[in-house]
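This report covers selected residues, helix contacts and nonpolar cores of one structure. The sequence and coordinates are shown first.

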Amino acid sequence: MDLDVFVSAHRGEWDRLDALLRNQRRLSGAEVDELVTLYQRTATHLSVIQSSAPDPQLTGRLSQLVARARSAVTGTRRASWRDVTRFLAHGFPAAVYRSRHWWVPTALLSIAVAALLGWWIGTHPEIQSSIAAPDQLRELTRPGGEYETYYSSHPATSFAAQVWTNNAQAAAMCLVLGVFLGLPVLWILFLNMLNLGVGIGLMSSAGRLDVFLGLILPHGLLELTAVFVAAGTGLRLGWTLIDPGPRTRRAALAEEGRAALGMALGLALVLFVSGAIEGFVTPSGLPTWARIGIGVAAELAFLAYVYVLGGRAARAGNMGDLAEPERSAAVPTAA
């Protein structure tokens with residue numbers, strides 16, 4: 001393509017679009033129609049130049065022109081409580097539901113790894129001695145020891161806030177770092193399972209595994225599910241770079257990335273609930289069966305929320321992405 005000839009042929013349209021965008025008065029109906037038509041043509045021109053004869057200066061000018069035109073055509077809107085409600089009722093559960101083929105296997109494999117690590121540590125005294133000295137291990141696992149007093153070592157409110165912050169950061173890291181082919185996600189997940197496996201192994205070796213499970217299950221069911229959802233979504237995001245499917249890699253990464261960022265907000269709310277359970281229920285004087293029952297009820301409520309509301313929204317076409325008018329305009333691809 002002869003770039004000079006192309007520019008000469010279409011410069012008039014670009015200048016006219018720029019003039020319409022700079023117009024301070026209210027546009028007439030005919031001028032609005034003209035602006036929309038010129039916006040679409042200029043977006044196509046930008047695609048042709050990018051694919052056939054990329055010129056940095058011209059591409060930059062047309063990109064700015066297309067962005068300004070899109071803003072003028074679509075306008076701006078402010079988020080409202082209706083958007084929040086729609087996101088929580090449809091977008092977030094749909095995104096979690098769509099990722100179930102990633103986070104469910106992630107959860108099953110991770111639990112298996114934690115159980116295997118717990119068995120290995122619990123049945124090998126030499127491994128235990130490499131973790132801490134015998135006196136320290138006894139202090140950790142004895143009745144009233146550090147494993148038991150950990151959940152009541154701080155005021156419930158501040159403890160719940162600290163737990164929520166730490167877990168929300170870990171979930172966000174899994175979602176964001178998934179773009180690096182998912183490798184950092186695997187490391188974060190392994191560290192979490194290693195910590196869990198150490199607790200299982202040390203408490204089982206002391207004959208107090210039932211106490212440990214009674215402390216970890218009330219909040220751990222929902223908390224670990226949120227971590228697994230974040231990890232599975234992060235891995236899916238990483239796989240999108242390898243196999244974007246029928247979409248372009250850029251479009252696929254943008255779509256899955258937006259859904260992942262939205263999921264980070266939703267999971268923060270889920271982890272807020274698990275943090276509240278860990279701060280107020282786990283160290284409470286309730287019987288073990290009651291504390292575990294609360295944790296099971298919270299977990300079942302979340303799974304019903306995902307599989308009922310999320311499944312219904314996903315089947316209706318909700319991808320957990322932004323609504324169509326809020327997405328960046330897709331530039332047409334030149335043939």
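Leu 140 touches Gly 145, Glu 146, Tyr 147 and Leu 202, leaving aside residues up to four places away in sequence. In this predicted model, Leu 140 belongs to helix H7, which covers residues 134-141. Leu 140 and Gly 199 are separated by 59 residues in sequence, and their C-alpha atoms are 9.5 Å apart in space.

Leu 202 is also among the contacts of Gln 128, together with Ile 121, Gly 122, Thr 123, Leu 137 and Ser 205, again not counting residues up to four places away in sequence. Gln 128 sits in helix H6, residues 125-131. The relative accessible area of Gln 128 is 12%, under the 20% limit, so Gln 128 is buried.

Thr 106 is part of helix H5. Is Thr 106 buried or exposed? Thr 106 has a relative accessible area of 8% and is therefore buried. Not counting residues up to four places away in sequence, Thr 106 is in contact with Leu 189, Phe 228, Ala 231, Gly 232 and Leu 235.

Gly 207 is placed in the loop between H10 and H11. Its relative accessibility of 60% is over the 50% limit, so Gly 207 counts as exposed. From Gly 207 to Ile 111 the separation is 96 residues in sequence and 21 Å in space, C-alpha to C-alpha.

**Helix pairs**

Two packed helices are described by the angle between their axes and the distance between the axes. The table gives these values for two pairs.

| Helix pair | Angle between axes | Distance between axes |
|---|---|---|
| H1 and H2 | about 145 degrees | 9 Å |
| H11 and H12 | about 170 degrees | 9 Å |

The angle of about 170 degrees is over the 145 degrees cut-off, so H11 is roughly antiparallel to H12. The residues in the contact of H11 with H12 comprise 17 nonpolar, five polar and five charged.

Helix H1 spans residues 3-22 and helix H2 spans residues 29-52. The crossing of H1 past H2 is left-handed. On the H1 side the contact is made by Leu 3, Phe 6, His 10, Glu 13, Trp 14, Arg 16, Leu 17, Leu 20 and Leu 21. These residues meet Glu 31, Glu 34, Leu 35, Leu 38, Tyr 39, Arg 41, Thr 42, His 45, Val 48 and Ile 49 in H2. Sorted by class, the contact of H1 with H2 contains 11 nonpolar, three polar and five charged residues.

**Nonpolar cores**

Which residues touch the most other members of the largest nonpolar core? They are Phe 92, Val 96, Leu 196, Phe 212, Met 263, Leu 267 and Phe 302, in a core of 49 residues. Two or more residues of this core come from each of helix H4 (81-98), helix H5 (100-122), helix H9 (156-177), helix H10 (183-205), helix H11 (209-242), helix H12 (249-281) and helix H13 (288-315). H11 contributes the most to this core, with 11 residues.

Leu 267 touches Phe 92, Leu 175, Ala 226, Val 229 and Ala 230, with residues up to four places away in sequence not counted.

Notes:
Residues numbered from 1 in each chain as written. Predicted model: local features only at pLDDT ≥ 70, side-chain atom pairs only at ≥ 80, totals over all residues. Heavy atoms only, no water. Axes fitted to C-alpha atoms, helices over the stretch in contact; angles between N-to-C directions. Helix = DSSP H or I, 4+ residues; strand = E, 2+ residues; numbered from the N terminus. Left-handed = near helix turned anticlockwise from the far one by under 90°. Contact = heavy atoms within 4.5 Å. Nonpolar A, V, L, I, M, F, W, Y, C, P; charged D, E, K, R; others polar. Core = buried A, V, L, I, M, F, W, Y, C linked by side-chain atoms within 4.5 Å. Buried < 20%, exposed > 50% of the residue type's maximum accessible area, 1.4 Å probe, protein only. Parallel < 35°, antiparallel > 145°, perpendicular 65-115°, else oblique.
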